[in-house]
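Hi,

Here is the structure I said I would pass on.

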Amino acid sequence: DDCGENQTVYIPAGIFLTGSLCLHSNMELYLEEGAVLQGTDVPEDYLPKIWSRFEGIEMECCSSLLNLGRMDHETGCNCGNVRIRGKGTIAGGGKQLAKNIIRTERERIKEKLAALGARIAEYEKADTLPGRVRPKLINVSNARDVLIEGLELRDGACWNVHMIYSEHIVTHHCTFRSRGIWNGDGWDPDSSHNCTIFACT
């Protein structure tokens, strides 16, 4: 929030533990080689919930580790000209955060789950409904002209880079690591256009 227009937040080498962060228009986040922006595994660190989408359904989800824009399917872009780049790592709370979120959410919706009874099998498996609110690693909503470059992106509790109602999102020379994460998609353009990924592993 303290980063001014056309300024950079610089993360030097080291491990920096954090909950969700919000980026705004006309800024850059730069991670030096050896820098790790490390998300916690504590569900409360990803509040407040924000409007997002999960498999085409608009719903409130936990805030992502990095959040750009505010989701609104009735308007255009409200965030733009953002650079997330460098030689470092952006890491989520991974499998443990996912488990903690699912446990918390299962308690919150226990009456709904009980009411479904045997019908819960329609939702694939027991964790599907409470698992929908898991935070993404990077959430890009109603944004344009976003560059993600040169980073290692890993251990999202859900999807890693999710763009919704956005345009001109370019991701290149990044490495995605999501092994062992249930439903841990790497890069999801969702109702967005002119999104490009290249030279990534």
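Below is what turned up, starting with a word on how to read it.

This is a predicted model, where local features need pLDDT of at least 70, side-chain atom pairs count only at pLDDT 80 or more, and totals for chains, interfaces and linings use all residues. Residues are numbered from 1 along each chain as its sequence is written, and side-chain values use heavy atoms, with hydrogens and water left out.

**The sheet**

Let's start with an open sheet of 6 strands, in the order E1-E4-E9-E12-E15-E18 and with parallel pairing. Strands (E, at least two residues) and helices (H or I, at least four) are DSSP runs numbered from the N terminus, and two strands pair if DSSP finds at least two bridges between them. At the edges sit strand E1 (7-11) and strand E18 (193-198), each pairing on one side only. From one strand to the next the twist averages 10 degrees; axes here are lines fitted to C-alpha atoms, for helices over the stretch in contact, and angles run from 0 to 180 degrees between N-to-C directions. E18 runs parallel to strand E15 (residues 167-172), and 5 bridges join the two. Thr171 stands opposite Ile197 in E18.

E15 also holds His168. Its phi is near 55 degrees, a positive value in a residue other than glycine. His168 is partly exposed, at 35% relative accessibility (buried means under 20% relative accessible area, exposed over 50%, partly exposed in between, with a 1.4 Å probe and protein chains only).

**Salt bridges**

Side chains of opposite charge can pair when their charged atoms come close. The whole structure has 9 salt bridges, each being a side-chain nitrogen of Lys or Arg within 4 Å of a carboxyl oxygen of Asp or Glu. Here are some of them:

- Arg144 and Glu167 meet at 3.3 Å, N to O. Arg144 is in strand E12 (residues 143-149) and Glu167 in strand E15, so the pair ties together parts 23 residues apart in sequence. Arg144 is partly exposed at 34%, while Glu167 is buried at 17%.
- Glu105 and Arg108 have their closest N and O atoms 2.6 Å apart. Both lie in helix H1 (residues 94-108), 3 residues apart, about one turn of the helix. Glu105 is buried at 6%, whereas Arg108 is exposed at 57%.
- Asp155 and Arg154 meet at 2.6 Å, N to O. They belong to a network of salt bridges that links Glu152, Arg154, Asp155 and Arg177.

**A buried arginine**

Which side chain of opposite charge is nearest to Arg134, a buried residue with no salt bridge? That is Glu55, 7.1 Å away (Lys and Arg count as positive, Asp and Glu as negative; His and the chain ends are not counted). Arg134 is in the loop between helix H3 (128-131) and strand E11 (138-141). Its side chain makes a polar contact of 3.0 Å with that of Asn183; such a contact is a pair of N or O atoms within 3.5 Å, where within protein one must be able to donate a hydrogen and the other to accept it, and residues adjacent in sequence count only if both atoms are side-chain atoms. Leaving aside neighbours within four places in sequence, Arg134 is in contact (heavy atoms within 4.5 Å) with residues including Phe54, Ala98, Cys158 and Trp182.

**Backbone**

Glu55 has a positive phi too, near 50 degrees. The peptide bond from Leu47 to Pro48 is cis, with omega near 5 degrees.

Cheers
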